[in-house]
Amino acid sequence: MTIVVPYHQDERLPDSSIPLPGAAVIETVEATLPDGDVWTRLVALFDVVADRVTARLGAQEAVAPVVVSGDCLVVSATITGAQRAGLDPSVVWFDAHGDVHTLRSSTSGYLGGMALRLVLGAHEERFAAPLGLRPLTERQAVLVDARDLDPAEVDYLAGSGVRRHGVEDLQAAMLPGGPLVLHIDVDVISTDELPGMRFPAPNGPTRRAVLDAARRVLATGRVIAVDIACPWHPARDEQDTATRTGLLTELLAAARAGAPR
């Protein structure tokens with residue numbers, strides 16, 4: 001089952017923004033968001049998503065649930081859903097960026113640039129606590145690629161327990177023990193192969209290298225949920241749409257083949 005969350009932060013995206021293959025069995029999340037600031041609205045949305053993940057983890061299904069959305073923030077809901085199901089997952093985070101800013105360190109204020117740091121407990125009173133997310137420890141996070149880092153992120157990671165590895169170097173022995181949530185921000189892939197990203201980062205790994213590395217994680221048999229973020233601009237033409245559909249098709253196939261329950 002693929003859980004589709006067609007949102008970028010608290011903005012509902014057009015259905016065409018996430019061009020899944022026609023054969024995919026999907027469950028689309030729709031939420032009536034309250035008035036209030038973005039934190040309040042995100043918590044309301046992610047509470048719904050977390051419940052969907054918990055329900056799927058409790059169902060008698062052969063494979064782990066996959067969550068596909070418009071940004072990286074939704075992974076917090078995926079992890080919360082796993083925790084509500086009684087699991088204590090670590091996260092393997094594929095991304096061109098570090099996503100470890102805080103409100104204090106960010107120069108743009110873009111919340112997507114804080115997504116991993118929020119999972120690790122930053123601004124807990126605004127986010128993790130009202131959502132019911134139990135923050136992960138730094139040693140429960142593996143950051144893969146992260147080739148585009150701001151100076152504040154470099155400083156944080158240098159003194160943190162977050163483990164970092166390259167896409168092609170990543171091996172099963174480098175992963176934390178226990179259950180895993182595999183998070184893939186598709187912008188980790190080279191912009192030559194996947195154009196149109198909101199925050200493009202040059203000199204990335206190939207699509208094939210990313211898929212092979214994801215399969216190595218999935219082959220551990222410990223991935224209990226897969227989270228795919230698609231932070232791209234609207235497709236420019238049919239070729240863009242076909243490229244994105246092809247990538248999502250491959251990612252879903254890898255998840256089905258490699259993440260048994």
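**Figure 1. Salt bridges across the whole structure.** Search the whole structure and you get 12 salt bridges. Keep in mind that this is a predicted model. The close-ups that follow pick out a few of these pairs.

**Figure 2. Asp15 meets Arg12.** Here Asp15 and Arg12 form a salt bridge, and their closest N and O atoms sit 3.0 Å apart. How exposed is each partner? Asp15 has a relative accessible area of 58%, so this residue is exposed, since the cut-off for that word is over 50%. Arg12 comes in at 31% relative accessibility, which makes Arg12 partly exposed.

**Figure 3. Arg52 reaches Glu27.** In this view, Arg52 pairs up with Glu27 in a salt bridge, with 3.1 Å between the closest N and O atoms. This pair ties together distant parts of the chain: Arg52 belongs to helix 1 (residues 38-58), Glu27 belongs to strand 4 (residues 26-28), and the two are 25 residues apart. With a relative accessible area of 22%, Arg52 is partly exposed.

**Figure 4. Glu27 also pairs with Arg56.** Glu27 forms a salt bridge with Arg56 too, this time with the closest N and O atoms 3.8 Å apart. Again, distant parts of the chain are linked, as Glu27 lies in strand 4 and Arg56 in helix 1, 29 residues apart. Is Arg56 buried or exposed? Arg56 has 17% relative accessibility, so Arg56 counts as buried, a word used for values under 20%.

Figure 5. Arg12, Asp15 and Glu30 belong to one network, joined by salt bridges that share partners.

How values were computed: Residues are numbered from 1 along each chain as its sequence is written. This is a predicted model: local features need pLDDT of at least 70, side-chain atom pairs count only at pLDDT 80 or more; totals for chains, interfaces and linings use all residues. Side-chain values use heavy atoms; hydrogens and water are left out. A salt bridge is a side-chain nitrogen of Lys or Arg within 4 Å of a carboxyl oxygen of Asp or Glu. Buried means under 20% relative accessible area, exposed over 50%, partly exposed in between (1.4 Å probe, protein chains only). Helices (H or I, at least four residues) and strands (E, at least two) are DSSP runs, numbered from the N terminus.
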